[in-house]
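Student: I have a model open here and would like to talk it through. Could you take my questions as they come?

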Amino acid sequence: MKLTVWTYEGPPHVGAMRVATAMKGLHYVLHAPQGDTYADLLFTMIERRNHRPPVTYTTFQARDLGSDTAGLFKTACIEAHDRYQPEAMIVGASCTAELIQDDPGGLAETLGLPVPVIALELPSYQRKENFGADETFFQIVKALARPMERTPNVTANLIGPTALGFRHRDDITEVTRLLADMGIGVNVVAPYGARPACIKAMGAAHFNVLMYPETAETAARWMERELGQPFTKVVPIGVGATRDFVAEVAAITGRNVILDESRLRLPWYSESVDSTYLTGKRVFLFGDGTHVAACARIARDEMGFEVVGMGCYNREQARTIRALAKDFGVEPLITDDYLEVERRIEELAPELILGTQMERHIGKRLGIPCAVISAPVHVQDFPARYAPQMGIEGANVIFDTWVHPLVMGLEEHLLTMFREDFEFHDEAGASHHGHKAKLRDIEPAAIDADTVAPDGGSAPAPSAPPRGISEPEKQGTSSIEVVWLPCAEKELKKIPFFVRGKARRNTENYASERGVNRISVDTLYEAKAHYAR
Amino acid sequence: MTERFAPPPARGCSTTPVLKERGQHEVFCGLTGIIWLHRKMQDAFFLVIGSRTCAHLLQSAAGVMIFAEPRFATAILEETDLAGMADAQKELDRVVHELLERRPDIRQLFLVGSCPSEVIKLDLANAAERMSAEFAPRVRVLSYSGSGIETTFTQGEDACLAAMVPVLPASDERQLLLVGALPDVVEEQAVGLLEAMGVGPIRVLPAPVRNAEYGVGPNTVYALTQPFLTDTHEALSRRGARHLPAPFPFGEEGTTAWLWAVAQEFGVDAETFARVTEKPRARARKAIAQASENLRGKSVFFFPDSQLELPLARFLTRECGMHAIEVGAPFIHRAVMGPELDLLAEGPVIAEGQDVDRQLDRARAARPDLVVCGLGLANPLEAEGMTTKWAIELVFTPVHFYEQAGDLAGLFSRPLRRRGLLKLEAAE
């Protein structure tokens, strides 16, 4: 047993629902107890879908257990087929049905339905949501796609986008555009928007664009082997990655490299003087492997940040992230326990967190600005506006999204220059958010990092906020007890609040490393000189 | 005391044949009760023994609350736990030890059963007994099931309260017990009104903390504030306590009838009753009249969700001028729901259980002005052009008793008002 409050991923059958809901003309019959329909509202509320997910639940109850749950499943299959007339069906069990050991695949087969029925084996007690999506898509492709003649023009399949995917909707548009600029058409986008008939036609494409390895890598490998279609390895998130992606596509297709950069603004925005203050900002990245890997490159090479840590929650991508972390010279963090992530963030005290919904809340608690780069996400990350992560516009969107929580450079200077001023005194917080920022010192837990997003701040030591079931042991940061002399404490207060935490930490480290146990004003400035960059 | 109300219908719905359906249920399981119960019981922790699905459900239902260090968690069963039963009990001991070490403030621990734990027949009752002995007197450990195979949504609260009743001490004290977790503000109003009539002592179940608990016995009378507390009702009866049947305190009429049932039991005279209730009744009537302006003459269709559907249909039809087409409830307990069925005029289909596809067909055919349903159905129905009110809000928002009566009507009128306000088509 594992004690859990927050989960980054749902169970694997939710992954299967993400594939089914993304598609059209496909119906999923899920052997599941009453209550598992809760997952419907992820699609109707978070993604704001205007239709019910195409899922029929058998809804077995306690009184059915002794009798005929298998019969219940068969009836549900027949009724779902008659009502929805799908082109193909997928059938499977949720975690509870897995325990009662009815065999959905075998049962469905005996019904002799006139459409393909694809059985899913999703081990609920070992694997999770992303596996469920990847496996479901693979089984559908394997059951339906066949080798066929290539299209006369060069075309690609875009594979991987699903329902409840972080920015999948707009990434499709952006990648389609990148390919169109090179004269390459899109054969099928799948699973997002595809019908079973489209899956059957996937063999006609010349190659596959693997948009999200988490949800389509197994299918990509199968198609490479069985249909002779190479697939792209670069995920075009970021300027460099987009250029590499275009080059990779050119190499696969023999086309010329064409990339219309007339809309691309990230490089100039990043070079402009107002961005100088971004230099060396310490960022921590966490999320799914694909987005973390792509964003780490952007952070270092395109924004000029210093990546101080990275990790992912899906162990399927652990190898990629470990290799990348080594390249960046940081410790990888592969975990699905948010408390471990929180501990690491506290330890590293970054100035910006790029993570998921959960890291956004960790950031809120620690007073560290955060931008969301990966699922799981909440309703606000399914925006009405066009907001891709991939390609040219994706790079522009990313620049804005990441910089937004940081105060502009000029503003940071003003805050430092006028730090004794009544308006900019160190408790006033970010100037453009006025009085609201004052809450910071009174109620650290209540501050909304989205609206009160002071620049820079390393984690100010939270004044013992109420902690949860898994309160980590208080970490001893130094081997000897270090005491602040009153004058040094006073001097420390003159440092703007958003860098004070870092200054305090640096000074204490500096002191303890040298065996100094009383910090004076001199120690403070010696440490400052020592750490100057 | 009912002179200001429409007289009870000549024929209510108590003899109406109930449409009982089996099929796909689009409802929550009882685990969701934890979300509001843990707020109410300040020293309790709810530990679900279940799968990743259970943890994911709580996370989805709790929304943003999950980040506020809530007093609930899931012990996720792993493959090794499914191999042998003995291991599962040992694992559970380990997890509970870990938990109680980290949360020394916890005084009551609920082991909450789920579908997976029920199907593998993990004996949580036994585990609770064993742990109670081990951690007494500091922590009391109880168990109940919130599984989907046994409970629907609010029935989780019922199962939890029913598990607490047998361990309450015995007492012969003459007392009134208010049963059901209400928002604090509502509970204070209810207690205030009754105390002003001289009714007392008044106790509430669940008590906010364990050491505020009391005894029960043959001199205890109890009134249910929520319609879904049927097992708790039966557990209290078994302890010798006596039920005061009444309509539920929604709207002015429901609240007055509910208070009157209690007042009669405690010998409150009509004059005192009138003096205490007169002003809040007038306020409630005024607020309802204002808030229900655009509800009059409109039709309403209830999908099953919380068992609040029948009392709410009674409120909407009798006090807001709506007419009900279908009132679906996950479960209808005759003894508890009797007074409501008597007040609800004959006409609507009364449905128990669900086959969601068939019920959707009926709703589409009837084209009601307002559909009360869960979040899985709300947006899809809006997209089909129907106006919906999502039902879960009715469980979380203060809606009982006089001062909330206007807010309650407002919850139903707002979606209709919004539909009237939005003009998204191009101007001609």
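Student: Is the crossing of helix 8 of chain A and helix 11 of chain A left-handed or right-handed?

Tutor: The crossing of these two helices is right-handed, meaning that the near helix is turned clockwise from the far one by less than a right angle. This is a predicted model, in which local features need pLDDT of at least 70 and side-chain atom pairs pLDDT 80 or more, while totals for chains, interfaces and linings use all residues. Residues are numbered from 1 along each chain as its sequence is written, chains are lettered from A in the order written, and side-chain values use heavy atoms, without hydrogens and water.

Student: At what angle do helix 8 and helix 11 of chain A pack?

Tutor: Helix 8 (residues 168-181) and helix 11 (residues 239-253) of chain A pack at about 50°, their axes lying 11 Å apart.

Student: Which residues meet there, helix 8 to helix 11?

Tutor: From helix 8 of chain A come Val175(A), Leu178(A) and Leu179(A), which meet Thr242(A), Phe245(A) and Val249(A) of helix 11, contact being heavy atoms within 4.5 Å.

Student: Switching topic, what area is buried between chain A and chain B?

Tutor: About 5,400 Å² is buried between the two chains, and carbon and sulfur atoms give 59% of that; the figure is the accessible area (1.4 Å probe) lost on putting the parts together, summed over both.

Student: And how many salt bridges are there between chain A and chain B?

Tutor: The count is six, with a side-chain nitrogen of Lys or Arg required within 4 Å of a carboxyl oxygen of Asp or Glu. Glu26(B) and Arg52(A) form a salt bridge at 3.7 Å, N to O.

How values were computed: Axes are lines fitted to C-alpha atoms, for helices over the stretch in contact, and angles run from 0 to 180 degrees between N-to-C directions. Helices (H or I, at least four residues) and strands (E, at least two) are DSSP runs, numbered from the N terminus.
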